[in-house]
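Please read them with the coordinates open.

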Amino acid sequence: MTELKLTEKSVLPNHQMLVELLGETFSCWEEIRKHLAETYGSLTEEWKYYGAKNGWTLKMLYKKRNLFFFKPYDNYFVVSFIFGDKAVSAVCKSDLPKKMIQEITNAKKYAEGRGLRVEVKTQKAVAHIVKLIAIKMEN
């Protein structure tokens, strides 16, 4: 993974910083945000600082429910989900890539669920994120 650039605690990430950091994948992030707004309405974006090593992460909330975490890197980003048992079952029954299904099936189970991370480096990953968001919302 490329070194994270947003590690300065005193500098809250902003639109221009994301444009520069994400490069061509910024359009993928904008597409996800547009889909969220059109499909689910108002969402809360909450930037959290997790220390010098991990830097800033954006937490996306629907009402008070955690949807996913967004972590920007140099020319790509990662969307991380936590799924409960019902949602894991839905992911396993979906037409998502087998590798993704294996990853969530093999993920360690915690009290809050199983984690799944999706690197977004191309447009193809956006469709997977949209499906995962729908599964999260329905379960």
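1. His 128 touches Leu 96, Pro 97 and Met 100, once its neighbours within four places in sequence are left aside; contact here means heavy atoms within 4.5 Å. His 128 belongs to helix H5. With a relative accessible area of 17%, His 128 is buried (buried is under 20% relative accessible area, exposed is over 50%, and partly exposed is in between, with a 1.4 Å probe and protein chains only).

2. On the source: this is a predicted model, in which local features need pLDDT of at least 70, side-chain atom pairs count only at pLDDT 80 or more, and totals for chains, interfaces and linings use all residues. Residues are numbered from 1 along each chain as its sequence is written, and side-chain values use heavy atoms, with hydrogens and water left out.

3. Helix H5 (residues 124-138) also packs with helix H2 (residues 26-40): their axes come within 10 Å and cross at roughly 30°. Helices (H or I, at least four residues) and strands (E, at least two) are DSSP runs, numbered from the N terminus. Axes are lines fitted to C-alpha atoms, for helices over the stretch in contact, and angles run from 0 to 180 degrees between N-to-C directions.

4. The angle in point 3 makes H2 roughly parallel to H5 (angles under 35 degrees count as roughly parallel, over 145 as roughly antiparallel, 65 to 115 as roughly perpendicular, the rest as oblique).

5. On the H2 side, Cys 28, Glu 31, Ile 32, His 35, Leu 36 and Tyr 40 meet Val 126, Ile 129, Val 130, Ile 133, Ala 134 and Met 137 of H5. The residues of this contact between H2 and H5 are 10 nonpolar, 1 polar and 1 charged. Ala, Val, Leu, Ile, Met, Phe, Trp, Tyr, Cys and Pro count as nonpolar, Asp, Glu, Lys and Arg as charged, and the others, Gly among them, as polar.

6. Helices H3 (residues 85-93) and H4 (residues 98-106) pack at about 155°, and their axes are 9 Å apart. H3 is therefore roughly antiparallel to H4. The crossing of H3 past H4 is left-handed. Val 88, Val 91 and Cys 92 of H3 make the contact with Ile 101, Ile 104 and Thr 105 of H4. By class, the contact of H3 with H4 holds 5 nonpolar residues, 1 polar and no charged ones.

7. Phe 83 sits in strand S4 and is buried, at 1% relative accessibility. Beyond its neighbours within four places in sequence, its contacts include Val 88, Val 91, Ile 104, Arg 114, Leu 116, Leu 132 and Ile 135. The C-alpha atoms of Phe 83 and Ile 135 are 9.0 Å apart, although 52 residues separate them along the chain.

8. Strand S4 (residues 76-83) runs antiparallel to S5, and 7 bridges join the two; pairing requires at least two bridges found by DSSP. Opposite Val 78 stands Glu 119 of S5. Strand S5 (residues 114-120) has Arg 114, Leu 116, Val 118 and Val 120 on its covered face, with Gly 115, Arg 117 and Glu 119 on the uncovered one.

9. Thr 7 is placed in the segment before helix H1 (15-22). Its relative accessible area of 29% makes Thr 7 partly exposed. Leaving aside neighbours within four places in sequence, Thr 7 contacts Tyr 49, Ala 52 and Gly 55. The C-alpha atoms of Thr 7 and Lys 53 are separated by 7.1 Å, at 46 residues apart along the chain.

Terms used
Left-handed = near helix turned anticlockwise from the far one by under 90°.
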